[in-house]
Amino acid sequence: MTALMTVLGIVVFVVGLLFSIGWHELGHLTTAKMFGIRVPQYMVGFGPTIFSRKKGDTEYGIKAIPLGGYIRMIGMFPPGADGKVTSRSTSPWRSMIEDARSAAFEELQPGDETRMFYTRKPWKRVIVMFAGPFMNLVLAVVLFSVVMMGFGISSSTTTVSTVSKCVVSASASTDKCPANAPATPAEKAGLKPGDKIVSFQGQAIDGNWDRLQTAIRKTIGPATMVVERNGKNVTLHPDLVANKVTAVDGNGNYIDGKTVQAGFLGFGPATGIVRQSFGQTIDRMGSMTTTAVGSIVDLPKKIPNLWGAAFEGKQRSADSPMGVVGAARVGGEVFTLNIPDSQRIATMLMLVAGFNLSLFLFNMLPLLPLDGGHIAGALWEGLKRNVARVFGRRDPGPFDVAKLMPVAYVVAGIFLCFTLLVLIADVVNPVKIS
């Protein structure tokens, strides 16, 4: 049964992956057609074609390897200085440029002179190239919202799980209290596990842990709190003390290794599946986006750990980058967890949403051959043309992105090596759900 659920989880993730890729390419396709650019192919996957069907100018299909997708647009690069595809050169760098330019014109048909990508205004090209990543962002926001506001996520609640016996610093254990350690305000006031805190200092808590935590940390001295116990409201009067506690960021997340002096009550909250409000959902998505951006920036720093995990048998860090294979394995694990079916679905949706958020951020990097590289080229062309117009100079013409193809090949080579390293680590030393 476990093997069956693992396979089912992998299949569900792969379906979500293929949909995400097709959704991304649909953004490019619809905007390209909207601006009159001819698109010969719309493909999900790479390698041999499994299925295809031609409708109008475009061949739609699915290929065997579900690791990406593409659309092919006519005239991605402008012609050479002579208005044609430049003749072959013995220079390997020049050959790269000419090969790219040649590929952009290889399916040119009569009448396509006005339907080429490079002939569109820079702002239109920006929209076409941005539309793909934007579709991933939209999908990520929708899925995150559905999970957080519909299913709910594991969060701290206002129900008491444990009551600390003594006041100690954040890093110390309360299993065995030091002889001179005073009892906690919660212990003295009679707070018990299972109590649900209804209000604090006259402020209704409404089940919001962040609100309760903020109120407690701002209070030092006598306080009044109401708890629900066995169906009845009970009023308690703790006398809060100042203590060194773990710091939290703007979203209420604990910051490892950082402490602050704040009001201290002395209890641990129970965790549960809690539906988030619209505001909480926006805050959490903002925090996740910030974390994802930081992870992309830190990718070079994580290569040594990946190498050690892949080839030296070292432990793989919990925040290690994962590829499609690693994410599929996690998807398989999700379906074997001993949790309600609704939470399995929610966790899988979160996994697919995270993949789409990463796809958006990664594609926005201003590097060819990523979408962000083409966007940067169009913006640069628009800037040059506007400057020329302001100063009455001759129109500089389209920016020749083909000249950057040697750089694009280097970037693609680096990405390929990194992808292979992640793939090997995902196979021999995968990230597992704790």
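Select D206 to begin. D206 sits in the loop between β5 and α5. Check its backbone: phi is positive, about 55°, although D206 is not a glycine. Most residues other than glycine have a negative phi. Is D206 buried or exposed? D206 is exposed, at 64% relative accessibility. Keep in mind throughout that this is a predicted model.

**Stop 1: Q201**

Now select Q201. Look in the loop between β4 (196-200) and β5 (203-204). Q201 also has a positive phi of about 55°, and Q201 is not a glycine either. Its relative accessibility is 42%, so Q201 counts as partly exposed.

**Stop 2**

Go to T219. The loop between α5 (209-217) and β6 (221-222) holds T219. T219 counts as buried because its relative accessibility is 12%, where buried means under 20%. Show its contacts. Setting aside residues up to four places away in sequence, T219 touches F200, Q201, L240, G263 and F264. Q201, from the previous stop, is one of these.

Which backbone oxygen lies 2.8 Å from a polar atom of the T219 side chain? The oxygen belongs to A215. Select A215 next. A215 is in helix α5. A215 counts as buried, at 12% relative accessibility. With residues up to four places away left out, A215 touches F200 and Q203. A215 and G263 are 48 residues apart in sequence, and their C-alpha atoms are 8.7 Å apart.

**Stop 3: the whole chain**

Zoom out. The protein has 434 residues, and 42% of them count as buried. How many helices and strands are there? There are eleven helices and eleven strands. Take the contacts with a sequence separation of 6 or more: 65% of them join residues 24 or more positions apart.

**Stop 4: helices α1 and α3**

Select residues 2-34 for α1 and residues 122-151 for α3. Two packed helices are described by the angle and the distance between their axes. Here the axes come within 7 Å and cross at roughly 145°. The crossing is right-handed.

Color the residues that make this contact:

- From α1, pick F19, S20, W23, H24, L26, G27, H28, T31 and A32.
- From α3, pick I127, V128, M129, A131, G132, P133, M135, N136 and L139.

What kinds of residue make up the contact of α1 with α3? Eleven are nonpolar, seven are polar and none is charged.

**Stop 5: H24**

Stay in α1 and select H24. H24 is buried, with a relative accessible area of 6%. Follow its side chain. The H24 side chain reaches the backbone oxygen of G132 at 3.2 Å. A polar contact of 2.6 Å also joins the side chains of H24 and N136. Leaving aside neighbours within four places in sequence, H24 is in contact with G132, P133, M135, N136, N363 and D371.

**Stop 6: the nonpolar cores**

In soluble globular proteins, nonpolar side chains tend to be buried together. The largest nonpolar core of this model has 51 residues. Select F13, M73, F117, V128 and F144, the members that touch the most other members. The elements that give two or more residues to this core are α1, β1 (41-55), α3, α6 (278-297), α8 (324-334), α9 (341-363), α10 (371-390) and α11 (405-428). Which element gives the largest share? Helix α9 does, with ten residues.

**Stop 7**

Return to F117. Not counting residues up to four places away in sequence, F117 touches I37, M73, I74, G75, M76, R125, V128 and M129.

Then pick Y118. Find Y118 in the loop between α2 (92-105) and α3. Y118 is buried, with a relative accessible area of 17%. Y118 and P398 are 280 residues apart in sequence, yet their C-alpha atoms are 7.1 Å apart.

**Last stop: P369**

Finish at P369, in the loop between α9 and α10. Most peptide bonds are trans. The bond from L368 to P369 is cis, with omega near 10°.

Notes
Residues numbered from 1 in each chain as written. Predicted model: local features only at pLDDT ≥ 70, side-chain atom pairs only at ≥ 80, totals over all residues. Heavy atoms only, no water. Helix = DSSP H or I, 4+ residues; strand = E, 2+ residues; numbered from the N terminus. Buried < 20%, exposed > 50% of the residue type's maximum accessible area, 1.4 Å probe, protein only. Polar contact = N/O pair within 3.5 Å; in protein donor to acceptor, adjacent residues only side chain to side chain. Contact = heavy atoms within 4.5 Å. Axes fitted to C-alpha atoms, helices over the stretch in contact; angles between N-to-C directions. Left-handed = near helix turned anticlockwise from the far one by under 90°. Nonpolar A, V, L, I, M, F, W, Y, C, P; charged D, E, K, R; others polar. Core = buried A, V, L, I, M, F, W, Y, C linked by side-chain atoms within 4.5 Å.
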